[in-house]
Amino acid sequence: MPRWIRISNWIYRLLQGAYPAEFREIYGDEMSRAFAEGCEESRRLGITKLVRFFATVLSDWSRTAPQEHFDQLRQDFRYSFAALARSKVFALAAIISLSLGIGVSSTLFTTAGTLLTRPLPVSDPQKVVMFRSSDGHDIPYPDYVLYRDTNRTFTGLTGFFPTPVSFGQGEKSEIVAAELVTGNYFDVLGVRAALGRTFLPEEDRTAGTHPVVVISDMLWRQQLGSDPQVIGRSVTLNGRPFRVVGVMPPAFTGSAYLLKVQLWSPVAMSGTLNWGGGQLEQLQLMVLGRLKPNIPIEKAAADVNRLQVLISRDHPERPQTLSTLSLFRPAGVFLTRERRRIENVTIVLMAVVGLILVIACSNVGSLLLARASSRHQELAVRVAVGASRLRLIRQLLTESLVLSGGGAIGGLLMTAWLTRVLTTYNVPIPGPYAPFAEFTVNWRSVAFASILSLITGLLFGMAPAWRSSRVDIAIALKIGTPASGSTYQRLRLRNALIVTQVALSFVLLAASGLFVRSLLFARQTDPGFETRNIVLASVNLGFQGYTVPQGREFYRQIKERLRALPGVRAVSTGRPLPLSGSDGRATFVVDGSGSEQPVTVAATGADVDYFDTLQIPILRGRGFAATDTRNAPRVVVISESMERKLFPGMSAIGQRLRTTSAQPQALEIIGIAKDVDFGALGEDPQPRIYDTFEQSYAPTQSLVVATSSDPNTIRELVSREVHMLNRNLPVEAKTMQEYLEFSLWPARIGAIVLGSTGVLAVFLACVGIYGVAAYSVGQRTREFGTRIALGARSIDVVRLVVGDGMLLALIGLGLGMGAAIVILPPIANLLYGTNPMDPMTFLTVPVLLLIVVFLANYLPARRATAVDPVIALRFE
Amino acid sequence: MRYNKREVADLLPLTPAVFHILLTLCDGGKHGYAIMREVESRSAGGVRIGPGTLYRSIQKMLDDGLVEETEARPHTENDDERRRYYEMTDFGRAVAAAEAKRLAEIVREAQAKKLLPKLRST
């Protein structure tokens, strides 16, 4: 035989490696022989024949090797489906468990992904970066201009700032979120108007000369009836006419992602919109830049810092800043505060969801193990007819992959449903700043769920497959029971899985129990002021261009009108609203304390009847009186905890404070008010200072109306009275109860999310424990039959089964408590007045879990004892 | 021997490779390479079966009971003992016949549509 034929034979042997091992084992030699003979004969018939033979063999190989693999896979899947169809209850339980586990995981992945990584809705968002100053301040307008005109690394820089604006006229006017933007804003972001145009360069050069506005698709549809002739139409912003020049496409919602920005106007119009003094130079902007091609973000940051040094050198008249600038890619929620909060919540949720997934996996794992014992004979038969152990493992893994694939589909359906629910859910934040986010199942969710199901499938399938594939045919076929050694190991693994499930369920249930308790506690908390019969209405005269005397007159009149309404007990004004999520700050020095150290405390502006209206007791001294006018000495009331903090052991009445402003003013303390929860319900008492409306006027005030009857009936009247005075003034009247709901929102969400995951965990554990108990009882039917035949009572058998289960549950509970003691304390600051080691929770949860475990074991045990011993023994 | 019509019909139509192999085995048991060679020569080089296709088909035919391995060996001198021979089962013959009939009907159809000249029966 010529050498080259030997070489080609050898190469063909190598190529055969592409066929599945089993096929190779049976037909490999035959194929090689056929190949060698074909070679030999073709060679004799000439080179053309030989080349044609090689071509035939190669194309045959490249086609049939993958086909053979595919066939085997198909066969594995067919077996799997058939095997699962034979045990429908098992398959259903496993798929539901996995669907829930994968569903919550991929929902979290999808929503957190959207919130944290969604790119800005602009063209080529990877090139857009945002300036961040180390002191958290925005960039002064003149600096922005210098950066814009002298940088070398950006194709464009744009500045903007978000602000509320009242849109529309009369009673229909409402506050919407707006962005005041530099003229190049849309060009730098690379977004075009769907209708009309965006801004022209000349529209932001001179203050107040171009009252133009670009509106969002939503505003166009909801407020302007999708008017196709909207371009050129006049709309009213803060009481002034503006001309609509463009409508943005629906996808563009502004650059602050969580806000639904409804309109954009040039920064040059800020004065007309009563924002600051109308001078561009005094504005502070958030700055976005688009990187030049091939410029990395680090290089642009170096460029910006170089410019910052130049600015402070060339413009010594500017206020010098010690802050440094850095750049980052805005994605998702890029306002730092919200981002951090969402990141923290995501981490907590990830842990919770991870636990659920682990429970689901160990659940399916224990079901598979339980099932494996009943399939021992089936597998032994397959080994006896020649299936290799590898083939068996592959077959069993295919089964778990079919299950986890079902779980992925179920999980994605659940994700699709949950994300829809979350998208339509409105966070009850008052005002135009209700965050919004649109969550949809995207290819990332699908990829995530698929990968997760693959991993979980391998994870929970591997150990049982490995175990079950170790079949001793002789023993298995002879007596029809699994070999005793492997039974022991299998039991050990199964018990470990059950203990894990109980332990994790305990942790989740305890956490949800704590949150529910915390919510109940918060609901019963007395914030220290009247909450039932109160209507609150925020008014911002600043938007409407009121002067200070006009503003004072407005508030005098509206209070008079409201007092005249039937059912109104008292009226006052104050700011900010209690429990609105925002709070004032005041900084001062304590006179005569010998210390010039400034002190900062929470501050509330209050009118004369404020304490009476909200029924906040004045403990000593007096509240504000009509005599505390502008020209009288300035007076303040402080909270009891402020007195305790600044004047320990003495009375603060008559003491003096001094403001730290450019012209310091003396403030005399005239009264001590009881501590109230203005910031958040159940908070620690905050040192707080109250100053009077008369002596420190601000255009933004909340009307506080105490009613003697149902506040809901008064609510509408309050808005009406405001509109009688100024029909263009947007006003939002709410009852204090509605604000309370907002304040309770985090507690409620915590309780809902953890409560539902806790229930989910228990449900999963239930399915797992029940399934395992049912299978093991099924396996032991013969044993029970024997026992009963020998005189044991049913109750003894039930006790036997339930006893085993309860022992495992107790071990699980012990471990779960240990874990809870480590895991739960860090969530304490999310709870209202509830100890993370709350004894009530730590007592009820174990009892609940034990009942569940008891039932999950008792029911199958009960059924087993109902079996006629004669039938049970006939298996022998 | 009569076979359940359902059983036979379930296997139709046969893949070209399987039908060719069955045709080849009509004359008696053969080994793999002999089948490959005969298929090629019968079709004047028009149909070529590679080793992969051949043994995948044989595997399937064994599963379906169309062929079986045979101990009977032709009296050739330099025959390798390890070489496997296959012969057609009765069921295989029935299936091959059914397939031939199916194809013949298609040919008749084609003739009726004047796609083929009528063959004279010899």
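Because the model is predicted, local features are reported only at pLDDT of at least 70 and side-chain atom pairs only at pLDDT 80 or more, whereas totals for chains, interfaces and linings use all residues. Residues are numbered from 1 along each chain as its sequence is written, chains are lettered from A and ligands numbered from 1 in the order in which they are written, and side-chain values use heavy atoms, with hydrogens and water left out.

At the interface, 20 residues of chain B are in contact with 23 residues of chain A, contact being defined as heavy atoms within 4.5 Å. The size of an interface is often given as the accessible area lost when the parts come together. Here the two chains bury about 1,900 Å² between them, with 50% of that area on carbon and sulfur atoms; buried area is the accessible area (1.4 Å probe) that two parts lose on being put together, summed over both. Of the area that chain B buries against chain A, 35% is supplied by Tyr33(B), Tyr55(B) and Arg56(B), more than by any other three residues.

Four salt bridges are found across the interface of chain B and chain A, where a salt bridge is a side-chain nitrogen of Lys or Arg within 4 Å of a carboxyl oxygen of Asp or Glu. In one salt bridge, Arg56(B) is paired with Asp71(A), the closest N and O atoms being 3.0 Å apart. Over all chains, a search of the whole structure finds 37 salt bridges. Within chain A, the side chains of Glu30(A) and Arg33(A) form a salt bridge with an N to O distance of 2.8 Å, and both residues lie in helix α2 (residues 21-45) of chain A, three residues apart, about one turn of the helix; helices (H or I, at least four residues) and strands (E, at least two) are DSSP runs, numbered from the N terminus. Glu30(A) is buried at 4% relative accessibility, and Arg33(A) is buried at 16%, the classes being buried under 20% relative accessible area, exposed over 50% and partly exposed in between (1.4 Å probe, protein chains only).

A further salt bridge joins the side chains of Asp691(A) and Arg634(A) at 4.0 Å, N to O. Asp691(A) lies in strand β20 (residues 688-692) of chain A and Arg634(A) in the loop between β16 (618-621) and β17 (635-639), so the pair ties together parts that are 57 residues apart in sequence. Asp691(A) is partly exposed, with a relative accessible area of 21%, whereas Arg634(A) counts as buried at 17%.

In chain B, the axes of helix α2 (residues 16-25) and helix α4 (residues 51-64) come within 10 Å and cross at roughly 80°, the axes being lines fitted to C-alpha atoms, for helices over the stretch in contact, with angles running from 0 to 180 degrees between N-to-C directions. The contact is made by Ala17(B), Val18(B), Ile21(B) and Leu22(B) of α2(B) and by Thr53(B), Leu54(B), Ser57(B) and Met61(B) of α4(B).

Ser404(A), placed in helix α11 (residues 389-424) of chain A, is buried, with a relative accessible area of 1%. When residues up to four places away in sequence are not counted, Ser404(A) touches Leu98(A), Ile102(A), Ser453(A), Thr456(A), Gly457(A) and Phe460(A).
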